[in-house]
Amino acid sequence: MVEGMSVKHLLCFSPGTWGRVAMDPFSQLILLISVVSFCTFQWLFHSVSPWVSSRISPGFLKLSHKQKIEWNSRTVSTLHALLVGLFCLYILFFDEAVNHDPVWGDPALVKINGQGMLPYFANFRLLAEFSTPCVNQRWFFEVLGYPKVSKPNMANGVLMALVFFLVRIAVMPVYYSRMCSVYGTEAFYRVSFGGRSAWIFSSICLDIMNVMWMHKIARGCYKVLRSSRKSKPESQENGKTD
């Protein structure tokens with residue numbers, strides 16, 4: 001409800017007047033971007049991904065209908081993750097408003113990538129999206145029947161472990177040092193007690209899980225690399241390696 005206006009006043013507005021009152025130009029831009037984004041990703045899912053995948057990977061045509069849906073969904077997921085990650089990098093490195101006020105800084109680009117309080121920390125967390133393409137690629141190799149010790153699979157596994165470490169583990173000191181720098185400030189206490197509690201508690205819980213996942217990923221990567229080295233001597237026949 002618009003402040004200072006009764007229901008009667010609002011109902012008396014013409015449709016054109018209501019549009020101007022209820023939605024400012026920037027909100028209209030956000031709505032337009034949302035609609036265009038939805039239509040674009042639907043087009044990528046239903047048309048672009050099947051067409052490109054069938055030419056890059058002939059094995060795509062042999063998949064079941066359910067697997068093809070999952071394949072196209074993961075293809076769009078990969079593109080979306082890269083786009084969001086690049087937005088976040090730009091905001092964190094070059095956006096003066098967010099870096100000056102990490103709790104309430106609210107420039108236009110942040111609103112496009114996700115509107116609300118704690119923009120610096122929200123976009124910092126979204127850097128984790130950079131690990132999504134490797135996770136999706138792992139599924140692609142699995143559904144296509146690539147052995148775990150195949151070179152493409154091992155290369156993707158090593159890259160996934162490296163990217164996961166960089167965007168989820170190595171950045172922890174930076175994240176929490178910035179959190180400590182705003183703790184107790186006026187901007188910090190402008191956030192409701194529930195909001196502050198949810199932010200700090202969820203951050204700690206998420207990073208505990210990140211450490212656990214990193215441990216599992218590292219162990220799995222190590223086992224695959226170790227098994228691949230053991231399998232090489234066994235594959236030698238007559239002095240030649242297959």
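User: How many residues does helix H8 have, and how far does it reach from its first C-alpha to its last?

Analyst: This is a predicted model. Helix H8 covers residues 132-143 and has twelve residues. It reaches 17 Å from its first C-alpha to its last, close to the 16 Å expected at 1.5 Å a residue. Helix H9, residues 151-169, can be read in the same manner: its 19 residues should span 27 Å, and its end C-alpha atoms are 26 Å apart, which agrees.

User: What follows H8?

Analyst: Glycine 145 follows H8, and its phi is positive, near 85°.

User: Which elements make up the whole protein?

Analyst: Twelve helices and two strands. From the N terminus on, the order is α-α-α-α-α-α-α-α-α-α-α-α-β-β. Of the 242 residues, 32% are buried. Now take contacts between residues at least 6 apart in sequence: 62% of them join residues at least 24 apart.

User: How should I read the confidence, and where is the pLDDT below 50?

Analyst: General idea first. Where pLDDT is low, the predicted coordinates should not be read in detail. Here the mean pLDDT is 84, and 80% of the residues reach 70 or more. Over residues 1-21 the pLDDT is below 50, and this stretch has ten contacts beyond near neighbours in sequence. Over residues 234-242 the pLDDT is also below 50, with four such contacts.

User: Back to H8. Which of its residues are buried, and what do they pack against?

Analyst: The buried residues of H8 are Thr132, Pro133, Cys134, Asn136, Trp139, Phe140 and Phe141. They pack against helix H4 (65-94) and H9. H9 has its own buried residues, including Met154, Asn156, Met160, Val163 and Phe164.

User: What does asparagine 156 touch, and is it buried or exposed?

Analyst: Asparagine 156 lies in helix H9. Its relative accessibility is 8%; buried means under 20%, so asparagine 156 counts as buried. Leaving out residues up to four places away in sequence, asparagine 156 touches Cys134, Gln137, Arg138 and Phe141. Of these, Cys134 and Phe141 are among the buried residues of H8.

User: Where does aspartate 207 sit, and what does it touch?

Analyst: Aspartate 207 is in helix H12, residues 193-234. At 5% relative accessibility, aspartate 207 counts as buried. Beyond residues up to four places away in sequence, aspartate 207 touches Arg125, Arg168, Met172 and Tyr176. Arg168 is one of the buried residues of H9.

User: Now the rings. How many aromatic pairs does the structure hold?

Analyst: It holds 16 aromatic pairs. Take tyrosine 90 and phenylalanine 94: this pair is tilted, 5.4 Å centre to centre, with 40° between the planes.

User: What is the geometry of the pair of phenylalanine 121 and tyrosine 175?

Analyst: Their ring centres are 5.5 Å apart and their planes are at 85°, so the pair is edge-to-face. The pair links distant parts of the chain, 54 residues apart: phenylalanine 121 is in helix H7 (residues 119-125), and tyrosine 175 is in helix H10 (residues 172-182). Both residues are buried. They also belong to a cluster linked by ring pairs, together with Tyr120, Phe124, Tyr176, Tyr183, Phe188, Tyr189 and Trp199.

User: Which charged ends sit over rings?

Analyst: The charged end of lysine 68 sits over the ring of phenylalanine 60, 5.6 Å from its centre. The charged end of arginine 190 sits over the ring of tryptophan 104, 4.6 Å from its centre.

User: Where is tryptophan 104, and what else does it touch?

Analyst: Tryptophan 104 is in the loop between helix H5 (96-100) and helix H6 (108-113). Its relative accessible area is 27%, so tryptophan 104 is partly exposed. Besides Arg190, tryptophan 104 touches Met117, Pro119, Ala187 and Val191, not counting residues up to four places away in sequence. Alanine 187 is 83 residues away along the chain, yet the two C-alpha atoms are separated by 7.1 Å. The backbone oxygen of alanine 187 lies 3.0 Å from a polar atom of the tryptophan 104 side chain.

How values were computed: Residues numbered from 1 in each chain as written. Heavy atoms only, no water. Helix = DSSP H or I, 4+ residues; strand = E, 2+ residues; numbered from the N terminus. Expected span 1.5 Å × (residues − 1). Buried < 20%, exposed > 50% of the residue type's maximum accessible area, 1.4 Å probe, protein only. pLDDT = per-residue confidence, 0-100. Contact = heavy atoms within 4.5 Å. Phe/Tyr/Trp six-rings, centres within 6.5 Å; stacked < 30°, edge-to-face > 60°. Lys NZ or Arg CZ within 6 Å of the ring centre and 35° of its normal. Polar contact = N/O pair within 3.5 Å; in protein donor to acceptor, adjacent residues only side chain to side chain.
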